[in-house]
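Let us read this model feature by feature. Keep the structure in view as we go.

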Amino acid sequence: MCGIVGYIGREEAAPILLYGLERLEYRGYDSAGIAVYDKGKLNVAKAVGKLKNLCELTDNGAKVSGCIGIGHTRWATHGQPSTDNSHPHLSGSGKIAIVHNGIVENYMKIREMLLSEGFTFKSETDTEVAVQLIEYYYKGNLLEAVSKAVDKIEGSYAFGVISSDHPDELIAVRKESPLIVAYGETGNFIASDITAVLKYTRNVAYLEDGDIAVVKKDGVKFYNSYLKEIQREKAYIDWDVEDAQREGYQHFMLKEIYEQPKVVKNTLSAHIKDGRIDLSDTLLTPEYCREIKRISIIGCGSAYHVGVVGKYLLEKYTRIPTEAVLASEFRYTDPIIDNHTLVIVISQSGETADTRAALREAKSLGARTLAIVNVVGSSIAKEADSVIYTLAGPEIAVATTKAYSAQLAVMYLITTALSSTLGLISAAEYDEVLAEMLRIPGKIETVLSDREQLQHLASMYFNNSSIFFIGRNLDYAISLEGSLKLKEISYIHSEAYAGGELKHGTISLIEPETLVVAVATCEKLFDKIISNVKEVKAREANVLCITQNKSFNAASAVTDNVFTIPNTHEMLTPSLAAIPLQLFAYYVALDRGCDIDKPRNLAKSVTVE
Ligand code: F6R
């Protein structure tokens with residue numbers, strides 16, 4: 001989704017803006033632009049396509065001098081990617097420039113009003129309507145004009161605004177789209193997320209919905225929508241700058257795959273004290289756990305897939321009816337939720353619009369809400385009753401890997417703690433599960449050390465036009481994730497099916513040489529999934545089986561290729577089975593020459609519904 005960065009201070013703004021935009025590239029975009037104030041005038045440079053086009057156009061910023069500016073990467077929603085439609089947009093007088101993330105839902109109505117007042121438009125965007133509306137209200141006080149304009153705007157937005165009449169201030173305002181203010185040594189910043197400014201500072205403040213910030217080179221003031229001054233706390237971000245850089249890996253995705261042992265270890269260790277899982281700083285107190293009658297787990301994409309793992313685990317180990325629901329569907333299904341329902345929302349970014357809307361819906365229906373989130377201070381983290389952070393650090397590749405693994409780790413902690421509180425797991429099994437959980441990072445290392453085998457398998461199958469994934473129970477949940485990973489970065493058509501469901505329709509798509517990846521790590525269901533393997537083998541499919549070491553011989557007897565993961569407790573197989581599927585997807589995409597970290601049409605943070 002769109003990215004915003006802004007700077008006001010003593011340094012040249014353009015190189016700082018271009019650097020910030022480069023850091024925001026991972027969010028997904030199709031054009032980029034900057035506006036910088038110099039000598040009484042706003043200078044704008046925009047380019048369609050990759051950021052390097054903008055860097056070339058501006059000679060890496062050298063051609064656009066000035067110490068206050070705003071920059072933007074645009075992910076088209078209203079109008080094609082073009083220079084006219086890309087941001088920043090100028091008001092008719094050329095005195096006000098804006099960048100925007102989000103959607104102005106009532107822009108047609110505002111546009112008609114402005115047309116009738118004699119305003120004209122150069123682009124098809126909702127954003128140009130917003131900057132013209134600010135100009136309409138502008139009577140010499142920029143803050144007031146912005147405030148009046150956002151009062152009329154419906155939808156979601158994060159705006160950054162500068163004006164040639166006010167070269168000493170940068171205005172930031174948000175509703176439902178993320179925006180931070182950051183405090184640097186040579187000046188101050190605004191940004192969609194911390195990665196854009198991490199090189200300069202770790203001191204940030206998060207704007208809340210309705211907040212307006214007036215950012216000057218030596219200070220920041222916050223106002224509410226009535227322009228009453230308010231305070232926003234500073235937070236210190238302890239993410240490592242190196243974590244947000246590639247460090248010699250060919251892609252962020254590969255680097256992040258390799259970080260999984262560390263992030264799983266960190267996430268688990270944060271909640272294990274003296275040999276016990278400790279979630280006492282969340283809403284999951286023993287008293288509350290005993291009141292839960294139903295659990296809904298909500299997320300999108302891979303986060304939803306963690307929810308599917310959670311459904312299987314929580315029902316088995318806690319006997320509490322649990323559903324995994326797609327956030328985009330949740331609000332429109334008249335959900336059955338009450339004050340005995342625990343709603344767990346999962347989101348790496350903490351900003352996904354559908355997940356956030358579902359969280360609000362669940363709260364309005366009386367549920368207690370627990371968020372599993374990676375980005376500290378994100379909207380979902382703030383709005384949920386309670387948060388468990390995944391300690392994955394910044395995830396830059398669009399396709400999630402390490403955040404997904406950290407979310408799985410949290411799911412194990414919740415399941416085991418809840419099961420223990422409810423007296424449904426024996427002390428011996430509790431100790432066994434916990435000890436094995438702590439061995440998972442080392443076992444992930446073992447899987448990673450076999451990456452050449454996956455590289456070889458990818459070289460055998462990267463030309464397939466269609467790849468299927470099958471599994472049962474937890475292996476089905478992992479198949480969903482393996483299939484998504486493959487299709488999003490390699491663009492190969494792929495579907496994931498519960499093994500037993502294949503014969504009810506999808507098997508008609510299996511042709512000689514079609515690759516079927518059979519995830520077969522659930523020991524109790526091994527024979528069942530092997531029956532499904534035989535069904536596709538009878539149609540001459542090629543089968544790659546992912547299974548535990550102990551099942552190697554049985555799997556080799558009936559499949560074409562076997563990749564084994566270390567043996568582990570039945571609850572924890574998802575963490576190990578996911579790794580070869582991530583690496584397989586990665587190498588297939590590499591062999592096909594795809595843009596792995598920034599796949600086409602995808603955005604890292606999906607902040608529109
Ligand atoms: C897939 C992927 C997406 C996200 C989904 C939710 O690799 O990254 O499917 O999982 O867009 O995003 P978050 O977790 O930020 O809510």
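Q: How much space lies in the second largest pocket?

A: First, the idea. On a 1 Å grid over the protein atoms alone, a pocket is an open set of points where a 1.4 Å probe fits, with protein on both sides within 12 Å along at least five of seven lines. Grid points are joined across faces, edges and corners, and the volume is the space filled by probe spheres set on the points. Here, the second largest pocket holds about 570 Å³. This is a predicted model: local features need pLDDT of at least 70, side-chain atom pairs count only at pLDDT 80 or more, and totals for chains, interfaces and linings use all residues. Residues are numbered from 1 along each chain as its sequence is written, and side-chain values use heavy atoms, with hydrogens and water left out.

Q: Which residues lie nearest the centre of the second largest pocket?

A: Lining residues have an atom within 4 Å of a point. In this case there are 31, and C300, G301, S302, K604 and V606 lie nearest the centre.

Q: Which elements each supply at least two residues of that lining?

A: Elements are DSSP runs numbered from the N terminus: helices are H or I with at least four residues, strands are E with at least two. The suppliers here are α9 (301-318), β20 (341-347), α11 (353-364), α13 (402-421) and α16.

Q: Where is α16, and what unit does it make?

A: A crossover is right-handed if, with the strands pointing away from the viewer, the path from the first strand over the helix to the second runs clockwise. Helix α16 covers residues 474-490 and makes such a right-handed β-α-β unit with β23 and β24.

Q: How many bridges pair β23 with β24?

A: Two strands pair if DSSP finds at least two bridges between them. β23 and β24 (residues 493-498) have six, in the parallel sense. G471 stands opposite A498 in β24. β23 also runs parallel to β25 (residues 515-520), joined by four bridges. There, I467 faces L515.

Q: Is β23 covered on one face or both?

A: Buried means under 20% relative accessible area, exposed over 50%, partly exposed in between (1.4 Å probe, protein chains only). Both faces of β23 are covered. S466, F468 and I470 are buried on one side, and I467, F469 and G471 on the other.

Q: Which loop holds Y491?

A: Y491 sits in the loop between α16 and β24. Its phi is positive, about 65 degrees, although Y491 is not a glycine. Y491 counts as partly exposed because its relative accessibility is 25%.
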